[in-house]
Amino acid sequence: MRCRHFLNPILSPLSFAKPPSRPLASRGSTVAPPPAQLRAALAEPDVGISRFANSLPGFSGALKQRYSDFVVHEVARDGTLVRLTSFDLPDERVGAEEEEEEADVDLSHVLESFRLLCGDADCDTLRGFLLRVSEGDSNVLPIILSADADKAHRSVHDFFKRNFMFLVTDTVEHSDGVQRCIRVRLRPGPGRRRNAGETGVNRKGMGSSGSSGWRDDRPFDSRSSIAWPYHLGKFLRFHLYKENKDTQEALRVIGKMLGLQPKSFGFAGTKDKRAITTQQVTLLKVHASRLADLNSKLIGIKVGDFDYVKERLVLGQLMGNRFTITLRSVVAESEDLIKAAIDGLIKGGFINYYGLQRFGSASVPNHLIGAALLRGEWESAVNLILDPKEGECDDMNGVREHYEEHGDIDVAIRNFPRRLIAERAILQRLKKYPGNYLQALMAIPRTLRLMYVHSYQSYLWNHAASMRVGKYGTTQVVEGDLVYRKECHFGEGTVTDTSEDADGRTNLSEMDISCETVPEETIQSVKITDSEDLLKAIYKFEDVVLPLPGSETLFPGNEVAGIYHEITKKDGISLTESIHGVKEFSITSMKGGYRRVIQRPIDLEWDLVTYTDDKTPLVETDLDVLSKAESLKANEPLSTGVFSCTSQEDSLHTSGATSLVETKSIGSSDLLPDLLAVKLDFTLPASSYATMAIRELMKTSTSDSGIRIT
């Protein structure tokens, strides 16, 4: 723990915010939404967030006053911190010579095997074909092996599948209609064009047999990928650095420049929009030079740290995230109070609530849509997604209101922006199948439509956590608590229910969700504590978990279990049976999972910093460090034009190391009072929310003005 830069801050008394007194939403209320025009902005008690882990007083401050005050670095599966450190290209020749020597030896053996299978003539034909391919002729014409009634065609096809993955074979017929032979082609890439000479199709569209008599007009299956150097991994892995953009927005920009679809990219999790973040991304069979060339054109985005790997990244394949958060304009009674609050967070942790980001930023939260899906109310779910939303810009609500009044699908599709993935998918399907609301919902990308249901699970979990803490406190395990078994070795993972689409082909950009959107911990072996466990003091409160309901989860053996049944009963949802036949929208068809009630920040460090100018950056970013290193290497002053950003916030300074001690803005008066900031560095598992840690620290709701999220 550090506290190095406390320089005579101006401190003033603070009336400390108390935990919200509003009762849990489940008590006497239902999840069914009021009319759209009456809906207020989402508040923490609406989704079950109503308790704190300790009773220490907090302090006031501004979170995300500048997006550079919220910096996130992904922690990879091997525990390494993902940073942007280099724009250098990898040496693609490394291993190539060894591969070529081995390939030469292997090729001679392979061709000898082929000679024994097909004879000398076909072996010579194949050797010549391979030579033309090796010389870089991507449009090399196919070859047709000699006809042989005794030749086992299946054996030849299998031979090519085993030994030449970049070649594809099929069978063609002679013009006499009797003889058949094998055709060998180079596996085409997506950008390769065919011509009449290659396909054997003339301008009239008729097949051509040529002088050989072999018909070469049969269409060729081009669903495979381009040829790729054997010594390189199939996937380019790179570090994506972005400012004030969500992950999908950044990848859409890159994909558009490369001519690739967003689904081409693999990543472990989405990161905050209003932040500076760095994460790993993979891309199939794209050379690093193509991406590196984009850096001079990208605004608010940089890519670097390129290497080639064998596997694609998919959702959930990360250990967690490292946060560097600056709270500005801090007001507290004393330095000791701030220190006590931070010590309380370090030792006692925070209630591991799903933050408001989990439920979406719109006035119609995701869990309300999820509840409608679980009840089988397909039309209601569609309306919740499409109807006007309080807090949305007037232009966008005008589009929604026009559709609500007139039902003109074509006009709505033209006017809904592409970032509204769910809305556009629904409308396009309704245009094709009018009135079929289930079909319309199934048009939404799978991970997004499942997010609605998982959001309802999170809603239940939050209420259960509030009841557990409110009834039994946070100091001890009580009989009936669910805990991970001590003999079970586990890590903080993710349940496959949410990231089951292994291709990661989901666009979640519709929702303003944070980097902690991949939910639930892996289903582990749990038990219900009994009196013997309490006597032996085997378990601590940090071992206590609560379920995200599913077919394979247990409920606590105490009164906390009742909150799950109470809420779902009022919402018309069953935890034990499905009222419709769509498994995807049924809790009983999900595995479920468990989540720790308390989460402690890992390796937390902190500083007190004074400053006078709100525009002064208080944290060095990856780009600052990299730019300074490159400029020092070139022995020239740092340029402020290294990184261009078009957001409302000024571009980050790259004119030298950012000072974390007292800073004065140019032209400011020496009589201006110092402002105080608290800088926090800590790591959380992928399923935990940094905003909930800040909430605990400041004892103020993230949905009101106490934290002042700007």
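The following conversation concerns a predicted protein model and its fold.

Biologist: What should I know about the model before we start?

Modeller: It is a predicted model, in which local features need pLDDT of at least 70 and side-chain atom pairs count only at pLDDT 80 or more, while totals for chains, interfaces and linings use all residues. Residues are numbered from 1 along each chain as its sequence is written, and side-chain values use heavy atoms, with hydrogens and water left out.

Biologist: How many helices and strands does the protein have?

Modeller: There are 18 helices and 18 strands. Helices (H or I, at least four residues) and strands (E, at least two) are DSSP runs, numbered from the N terminus.

Biologist: What percentage of the residues is buried?

Modeller: Of the 710 residues, 53% are buried. Buried means under 20% relative accessible area, exposed means over 50%, and partly exposed lies in between (1.4 Å probe, protein chains only). The protein exposes about 32,200 Å², with carbon and sulfur atoms supplying 49% of it; these areas come from the Shrake-Rupley method with a 1.4 Å probe, and for residues only the protein chains shown count as cover.

Biologist: Which residues touch the most other members of the largest nonpolar core?

Modeller: Phe 59, Leu 327, Ile 338 and Leu 680 do, in a core of 99 residues. A nonpolar core is a set of buried Ala, Val, Leu, Ile, Met, Phe, Trp, Tyr and Cys residues joined through side-chain atoms within 4.5 Å. Helix α14 (residues 446-472) supplies the largest share of this core, eleven residues.

Biologist: What does Leu 327 touch?

Modeller: Leaving aside neighbours within four places in sequence, its contacts include Phe 59, Leu 63, Leu 680 and Met 698. Contact means heavy atoms within 4.5 Å.

Biologist: Which residues does the second core include?

Modeller: Trp 228, Leu 240, Ala 292 and Leu 298 are included in that separate core of 24 residues.

Biologist: Let us turn to helix α16. Which of its residues are buried?

Modeller: In α16 (residues 561-570), Ala 561, Ile 563, Tyr 564, Ile 567 and Thr 568 are buried. They are on the same side of α16, because they cover an arc of only 165° around the axis; the arc is that of the directions from the helix axis to the C-beta atoms. The buried residues of α16 pack against α14 and β14 (544-548).

Biologist: What does β14 pair with?

Modeller: Four bridges join β14 to β15, and the two run antiparallel. Two strands pair if DSSP finds at least two bridges between them. Leu 546 has Arg 595 as its bridge partner in β15. In β15 (residues 593-596), Gly 593 and Arg 595 point one way and Tyr 594 and Arg 596 the other way, and all are buried.

Biologist: In what order do the strands of the β3, β4 and β5 sheet run?

Modeller: The order is β3-β5-β4, in an open sheet with antiparallel pairing. β3 (143-144) and β4 (167-173) stand at the edges with a single partner strand each, so one side of each is left without a neighbour in the sheet. Seven bridges join β4 to β5 (residues 180-186).

Biologist: Now Phe 235. Is it buried or exposed?

Modeller: Phe 235 counts as buried because its relative accessibility is 11%. It is in strand β6 (residues 235-243). The C-alpha atoms of Phe 235 and Val 309 are separated by 5.2 Å, although the two residues are 74 residues apart along the chain.

Biologist: And Glu 311, buried or exposed?

Modeller: Glu 311 is exposed, with a relative accessible area of 54%, and is in the loop between β9 and β10 (320-331). Not counting residues up to four places away in sequence, Glu 311 touches Arg 77, Phe 235 and Thr 282.

Biologist: What is the phi of Asp 305?

Modeller: Asp 305 has a positive phi of about 50° although it is not a glycine. Most residues other than glycine have a negative phi. Asp 305 is found in strand β9 (residues 301-309) and is buried, with a relative accessible area of 17%.
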